[in-house]
Structure formats: structure tokens, C-alpha cells
Amino acid sequence: MNIWHYIVAFMALTTLGTAVHIFRSSFNFIPDRFNAAPGHFWRNHAIDDMLSANYGFWDMVAGTEYDEDGFYEFFSRRNLRICCTWTIAVGMTLLLSYQDLEDRFVAIVDAAPGWLWSLFVYRIENLTLF
């Protein structure tokens with residue numbers, strides 16, 4: 001696996017992490033944090049962990065930010081960084097752990113420029129203005 005493949009993997013995983021961040025913040029109808037017991041950190045964490053599908057121990061450890069209503073904060077660079085870091089870490093771990101997955105990824109990355117060039121040529125050949 002060349003450095004080119006690592007760069008493509010990082011870019012693809014960063015894009016996936018950004019999409020996960022947008023999805024988590026946009027399609028969240030129930031608040032993640034309820035703040036049911038102000039001043040009691042562990043009790044608050046236990047209540048939030050039981051009642052929410054999106055809040056867990058790793059959100060507490062990573063320091064995920066929430067707005068005043070308890071929803072996942074969209075306009076937080078920290079949340080975006082956490083999402084992208086987790087996606088890159090898990091993706092690279094999987095990619096480097098399984099040789100078959102790595103071989104398939106390398107084959108796709110090596111073939112992709114040819115596919116894109118063929119698509120570009122096809123679109124130019126079939127271009128109609130009127």
C-alpha cells in the first residue's frame with residue numbers, strides 16, 4: 001500500500017466522518033442530554049445513558065458538546081473533530097487489520113481514475129446543447 005492509498009483512505013474516512021456528524025445532528029428528534037439531576041454528574045450520566053439512544057460513555061469521555069436543549073451541537077468544531085477522529089481510527093484499524101479488505105481497497109483506488117476518465121469522456125461524447 002503506497003502513501004497515495006493512505007491519503008485517499010484519510011480523505012474518504014474524513015468525508016464519511018463529516019457525513020456522520022451531519023446525520024447525527026440533523027436527524028435527532030429526542031434530546032441526548034436531559035439534565036434531570038443538576039449538580040449530580042454520575043446520576044445525570046446514568047439517566048442520559050438510559051433514556052437516550054445517542055448518548056453514551058464515550059460521549060462523556062470525549063467531551064461531546066450539546067446545546068442548551070440537550071441536542072447534539074451541529075456548529076461545534078469539537079464534535080466534528082471527534083466524529084472524524086473516531087471514523088478515521090476505526091476505518092484505518094479495519095483497513096490495516098484485514099489483508100483482503102486492504103487489497104480490495106487498493107484495487108478500487110487504482111481503478112478509480114480510469115473510471116472517472118471514462119465517465120468524463122462518455123459525458124463529453126454525449127453532450128447536447130439543445
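Buried means under 20% relative accessible area, exposed over 50%, and partly exposed in between, using a 1.4 Å probe and protein chains only. Keep that handy for the tour. This is a predicted model, where local features need pLDDT of at least 70, side-chain atom pairs count only at pLDDT 80 or more, and totals for chains, interfaces and linings use all residues. Residues are numbered from 1 along each chain as its sequence is written, and side-chain values use heavy atoms, with hydrogens and water left out.

**Stop 1: phenylalanine rings**

Start by selecting F75, which counts as exposed at 73% relative accessibility. Rings of Phe, Tyr and Trp (its six-membered ring) pair if their centres lie within 6.5 Å; planes under 30 degrees apart are stacked, over 60 edge-to-face, and the rest tilted. There are 5 aromatic pairs in the structure. One of them is F23 with F27, a tilted pair with 4.9 Å from centre to centre and 50 degrees between the planes. F23 is exposed at 55% relative accessible area, and F27 is exposed too, at 52%. Back at F74 and F75, the ring centres are 4.8 Å apart and the planes sit at 80 degrees, so this pair is edge-to-face.

**Stop 2: salt bridges**

Next, show the charged side chains. A salt bridge here is a side-chain nitrogen of Lys or Arg within 4 Å of a carboxyl oxygen of Asp or Glu, and the structure holds 2 of them. Select R24 and D59: their closest N and O atoms are 3.0 Å apart. This bridge links distant parts of the chain, with R24 in helix α1 (residues 3–26) and D59 in helix α3 (residues 57–62), 35 residues apart. Helices are DSSP runs (H or I, at least four residues), numbered from the N terminus. Are R24 and D59 buried or exposed? Both are buried.

Then hop to D100 and R104, whose side chains form a salt bridge at 3.4 Å, N to O. Both residues lie in helix α5 (residues 99–125), 4 residues apart, or about one turn of the helix. D100 is partly exposed at 47% relative accessible area, while R104 is exposed at 55%.

**Stop 3: a buried loop residue**

Select T64, in the loop between α3 and α4. T64 counts as buried, at 10% relative accessibility. Contact means heavy atoms within 4.5 Å. Ignoring neighbours within four places in sequence, T64 is in contact with D59, Y72, N79 and I82.

**Stop 4: the nonpolar cores**

A nonpolar core is a set of buried Ala, Val, Leu, Ile, Met, Phe, Trp, Tyr and Cys residues joined through side-chain atoms within 4.5 Å. Select V8, A9, L13, I88, M92, L95, F105 and V109: these 8 residues are the largest nonpolar core. Helices α1, α4 (77–97) and α5 each supply at least two of its residues. Zoom in on V8, which touches F105 and V109, not counting residues up to four places away in sequence. A second, separate core has 5 residues, including Y55, M60, Y72 and C83.

**Stop 5: where α4 meets α5**

Finally, select L94, L95, L96 and S97 in α4, which meet Q99, L101, E102 and F105 in α5. The axes of α4 and α5 come within 5 Å and cross at roughly 105 degrees. Axes are lines fitted to C-alpha atoms, for helices over the stretch in contact, with angles from 0 to 180 degrees between N-to-C directions. Angles under 35 degrees count as roughly parallel, over 145 as roughly antiparallel, 65 to 115 as roughly perpendicular and the rest as oblique. The two helices α4 and α5 are therefore roughly perpendicular to each other.
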